[in-house]
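Dear colleague,

I am passing this structure on to you, together with some notes on what was found in it. Please keep it open while you read.

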Amino acid sequence: MVDFLPFCKQFSPIEDEAADELVHLSKIKSFQKGELLLQSGKVCSHLFFLNEGFAKIFFVNDNKEFIMRFFPENVMFTAFASYLTQTPSNYMIMALEPTTVTLIRRNDMEDLCKRHHSMETFFRKLVSIAAVKMTKRISEMLEKNATTNYNLFVKENGELLQKISLGDLAKYLGITQQSLSRIRTVK
């Protein structure tokens, strides 16, 4: 398991004073399986670092769930559109198993970025990586077929397959569970 501060420092060096303030301002919170870290319609006001557990970000349209991403341990995430614009989120973030996160409030992060160039650099790199990953995800959904997306997911995230229900994997791939079963048996 990677700790919160070493995770942040891998993006860029953070001076000691900024690192101390970041740790001081962060909070640890636990969620039960099925509990929401963020509800749809609420403004996302935290960055989350997943210390332990597993989560997903998703939305519901016409009673159909669409999963955008899964979050394993040792990643930082948020609902970036809501977080950055401070508008209500269309997405929900849910713990898929008992989950512990380190939280940093948006206002605290903004303040740290104003006062410490190293924190501003860290945050800029974090947002850039998130944008690249979301662009890749959208491209996969639009440009590739379900079989290709399944094989890519297995290649890049095979260790997560035991944590993800077939229903959630099908929702992530944008297909029915029956289609997923067919893809898996052909493999």
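A residue is called buried under 20% relative accessible area, exposed over 50%, and partly exposed in between, with a 1.4 Å probe and protein chains only. By that scale Glu97, at 23% relative accessibility, counts as partly exposed.

This is a predicted model, in which local features need pLDDT of at least 70 and side-chain atom pairs count only at pLDDT 80 or more, while totals for chains, interfaces and linings use all residues. Residues are numbered from 1 along each chain as its sequence is written, and side-chain values use heavy atoms, with hydrogens and water left out.

The structure holds ten salt bridges, a salt bridge being a side-chain nitrogen of Lys or Arg within 4 Å of a carboxyl oxygen of Asp or Glu. One of them joins Glu97 to Lys163, with the closest N and O atoms 3.0 Å apart. Glu97 lies in the loop between strand S7 (92-95) and strand S8 (99-105), and Lys163 in the loop between helix H6 (146-157) and H7, so the pair ties together parts that are 66 residues apart in sequence; helices (H or I, at least four residues) and strands (E, at least two) are DSSP runs, numbered from the N terminus. Lys163 is partly exposed as well, with a relative accessible area of 35%.

Another salt bridge links Glu65 and Lys171, whose closest N and O atoms are 3.8 Å apart. Here Glu65 is buried at 19% relative accessible area, whereas Lys171 is partly exposed at 34%.

With kind regards
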